[in-house]
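Please look through the sequence and the 3D structure before reading on.

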Amino acid sequence: MMNFYILTLFPEMVMNGLNTSIIGRAVNAGLLSIEAVNIRDYAFNRHQSVDDYPYGGGAGMLMQAEPVYLAHEAVSEKIRVRLSEEAAGAAAKRVRTVYLSPQGRVFDQQMAEELSQEEDLILLCGHYEGIDERVLEEVVTDYVSIGDYVLTGGELPAMVMVDAISRLVPGVLHNDVSAEFESFQDNLLEYPQYSRPEEWHGKKVPPILLSGHHANIEKWRREQSIIRTYKRRPDLLDKSELTEKEKGWLEEWLQTQGEI
Ligand code: ADE
């Protein structure tokens, strides 16, 4: 069971995006819980405003420290209560709190795997021009970006992270092997796949896949993964662990392609 808490000004956006398909089913099955916490509920003034002008001037508004802090405290307290009920005297641990920001470390499969080991994860979504630095210093443990581009808020990145992490939680994908054997396994992209009919638009399914010869099929798939990675993501190929035999095979294949 993994619990996500998403601190946001747009809770419906996050919940609507995560209640369908595989993630929605996993929540219903009790394998995950996803709670969007509305930071505005922790506004401390009567106008319920959560933003203000930046000191020193500059464009836009900033999210204020106090509502973010109170929302984070409320979630942390809830987690502490649950943990102490589960195990009396459980050590008060610091819950991983991710701030989604283009200034963070770029999210990748390895980070998804690491975070999927956590029992609780708090995701903090910024808006406007960001959040008052002082509260970030107090609550954030990890700064994460989903890529080198700037979005209008942290909600889509939080949803991306929840999706990528959730599918690694045992039981979420019915077929646990499929989480292992696919794109980015050993830094290779996934091989091409085919389903019925055997011929479509004049294109035939590669005959080896119809041969029933499992060892040959495995070998073909591995080779296709290598070729695909070479063509589409050569940067990954450098990080993959090809055997000497596979390196030799790739050289030969490149020669047949007239690439070297
Ligand atoms: N907020 C705005 N842009 C972002 C990005 N690329 N990744 C994470 N959070 C963001």
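In which helix is the place of His72? The model in view is a predicted one, and in it His72 has its place in helix α3, which covers residues 65-86. His72 is buried, because its relative accessible area is 8%, and the cut-off for that word is under 20%. When residues up to four places away in sequence are not counted, His72 touches Leu7, Thr97, Ile122 and Val139.

One of these partners, Thr97, is found in strand β5, made up of residues 97-106. Thr97 is buried as well, with a relative accessible area of 0%. Leaving aside neighbours within four places in sequence, the residues in contact with Thr97 are His72, Ile122, Val139, Val140, Thr141 and Asp142.

## Two aromatic pairs

How many aromatic pairs does the count come to? By the rule used here, the count comes to two aromatic pairs. In one of them, the rings of Tyr99 and Tyr143 have centres 6.1 Å apart and planes at 85 degrees, so the pair is edge-to-face, the cut-off for this arrangement being over 60 degrees. This pair links distant parts of the chain, for Tyr99 belongs to strand β5 and Tyr143 to strand β7 (residues 142-145), and the two are 44 residues apart. Tyr99 counts as buried at 9% relative accessibility, whereas Tyr143, with a relative accessible area of 34%, is partly exposed.

The rings of Tyr230 and Trp253 also form a pair, with their centres 6.3 Å apart and their planes at 75 degrees, so that this pair, too, is edge-to-face. Because Tyr230 lies in helix α8 (residues 214-232) and Trp253 in helix α10 (residues 244-256), the pair ties together parts that are 23 residues apart in sequence. Tyr230 counts as partly exposed at 25% relative accessibility, while Trp253, at 13%, counts as buried.

## The ligand and its surroundings

Which residues surround the ligand? They are Leu100, Ser101, Pro102, Val144, Ser145, Ile146, Gly147, Tyr149, Val150, Leu151, Gly153 and Pro157. Polar backbone atoms of some of these residues can be followed towards the ligand: a polar backbone atom of Ser101 is 3.1 Å from a nitrogen atom of the ligand, and a polar backbone atom of Tyr149 is 2.8 Å from a nitrogen atom of the ligand. For Leu151, a backbone N or O atom lies 3.0 Å from a nitrogen atom of the ligand. Taken alone, the ligand exposes 270 Å², and the protein buries 96% of that area.

Leu151 itself has its place in the loop between β7 and α6 (155-166), and at 38% relative accessibility it counts as partly exposed. Although Leu151 and Ser101 are 50 residues apart along the chain, their C-alpha atoms are separated by 8.9 Å.

Is Lys231 buried or exposed? Lys231, which lies in helix α8, is exposed, with a relative accessible area of 56%, because the word applies to values over 50%. The C-alpha atoms of Lys231 and Gly171 are 33 Å from each other, and these residues are 60 places apart along the chain. Pro207 is found in the loop between β9 (203-204) and α8, and with a relative accessible area of 66% this residue is exposed too. Between the C-alpha atoms of Pro207 and Ile217, which are 10 residues apart along the chain, the separation is 9.9 Å.

How values were computed: Residues are numbered from 1 along each chain as its sequence is written. This is a predicted model: local features need pLDDT of at least 70, side-chain atom pairs count only at pLDDT 80 or more; totals for chains, interfaces and linings use all residues. Side-chain values use heavy atoms; hydrogens and water are left out. Helices (H or I, at least four residues) and strands (E, at least two) are DSSP runs, numbered from the N terminus. Buried means under 20% relative accessible area, exposed over 50%, partly exposed in between (1.4 Å probe, protein chains only). Contact means heavy atoms within 4.5 Å. Rings of Phe, Tyr and Trp (its six-membered ring) pair if their centres lie within 6.5 Å; planes under 30 degrees apart count as stacked, over 60 as edge-to-face and the rest as tilted. A residue is near a molecule or strand if one of its heavy atoms lies within 4 Å of it. A polar contact is a pair of N or O atoms within 3.5 Å; within protein, one must be able to donate a hydrogen and the other to accept it, and residues adjacent in sequence count only if both atoms are side-chain atoms. Accessible areas come from the Shrake-Rupley method with a 1.4 Å probe; for residues, only the protein chains shown count as cover.
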